[in-house]
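Work through the exercises below with the sequence and the model open. Try each task before reading its solution.

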Amino acid sequence: MLRLLAPWMSCDHTFKTVANIAYKRPSDGKWIKLYNSVFCILNKKGDILQWQFTRSENFNEVSAMFLDLRRRLQCQNTLLEGIITDNCCKWKEGFTRLFPGTPIKLDLFHAVQRFVKTLSKRNPYHRAVSRDYGLIFRYPKDLGERRTMPTPEPSVILHNLDQFLSKWKDHTRRQTNYYCQRRKGHKNIKNHILKGCLSNIPVGCCTSV
């Protein structure tokens, strides 16, 4: 693990893994979980660089791992080109302090899931809508089964988003109780697009690897 290189890093909390790491409280037999999640840092190939059990989603709880990785990269003479995370704006200050000038990007998997989870799976168009939403983060010539190009500049993604909303508005509008959540999600994702959080992400950089 110490020898692995990481020009790009992807990091994320995963919650199901720690479900059984707990104990029965002697006083009443209640199942007490010891951790909230596992935090993993991956390289572009999906290799695990660092991991840690965590009790919260606070940056300070995992900052020591990034400090260790910074030292490792310096020893390897490796330049960190970017960081992929679900907390790109929330954690930006902490990342910038440790890795000045390094681009911080929103993980594409989570960007798509924030919208898809508001759709009813009973809707006959669920699969098609979900697939098309994932394609808004691509160039028009890069619409195959797998992405082959970096994600485009904000203007292209915004144009793709407008086309998506125009195409599917009759099939996503008010179909579930999540309508307000979906509208809020669209506003949030637009803010990320305008800030460049979803542009110039290389192929293969994703926490779902």
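Axes are lines fitted to C-alpha atoms, for helices over the stretch in contact, and angles run from 0 to 180 degrees between N-to-C directions. Helices (H or I, at least four residues) and strands (E, at least two) are DSSP runs, numbered from the N terminus. The model is predicted: local features need pLDDT of at least 70, side-chain atom pairs count only at pLDDT 80 or more, and totals for chains, interfaces and linings use all residues. Residues are numbered from 1 along each chain as its sequence is written, and side-chain values use heavy atoms, with hydrogens and water left out.

**Exercise 1. Describe how α3 and α4 pack.**

Step 1. Two packed helices are described by the angle between their axes and the distance between the axes.
Step 2. Take α3 (residues 108-116) and α4 (residues 126-134): the angle is about 145°, and the axes are 10 Å apart.
Step 3. List the contacts (heavy atoms within 4.5 Å). Helix α3 contributes A111, V112, F115 and V116. Helix α4 contributes H126, V129, S130, Y133 and G134.

**Exercise 2. Is H126 buried or exposed?**

Step 1. Apply the cut-offs: buried means under 20% relative accessible area, exposed over 50%, partly exposed in between (1.4 Å probe, protein chains only).
Step 2. H126 lies in α4. It counts as buried because its relative accessibility is 17%.
Step 3. Find its surroundings. Leaving aside neighbours within four places in sequence, H126 contacts V116, L119, S120 and K121.

**Exercise 3. Trace the open sheet of five strands.**

Step 1. Strands pair if DSSP finds at least two bridges between them.
Step 2. The order is β5-β4-β1-β6-β7, and the pairing is mixed. The edges are β5 (48-54) and β7 (104-106), each of which pairs on one side only. From one strand to the next, the twist averages 20°.
Step 3. Look at β4 (residues 37-43) and β5: they pair antiparallel over six bridges. V38 has F53 as its bridge partner, and L42 stands opposite I48.
Step 4. Four residues lie between β4 and β5, and G46 takes a positive phi near 90°.
Step 5. Helix α1 (residues 59-76) lies across β1 (8-14), β4 and β5, at about 160° to β5.

**Exercise 4. Which residues have the most contacts inside the largest nonpolar core?**

Step 1. A nonpolar core is a set of buried Ala, Val, Leu, Ile, Met, Phe, Trp, Tyr and Cys residues joined through side-chain atoms within 4.5 Å.
Step 2. The largest has 43 residues; M9, I41, F66, Y133, F137, I189 and L198 have the most contacts inside it. Its largest share, six residues, comes from α1.
Step 3. Follow I189. Leaving aside neighbours within four places in sequence, I189 is in contact with L106, A111, Y133, F137, L161 and L198.
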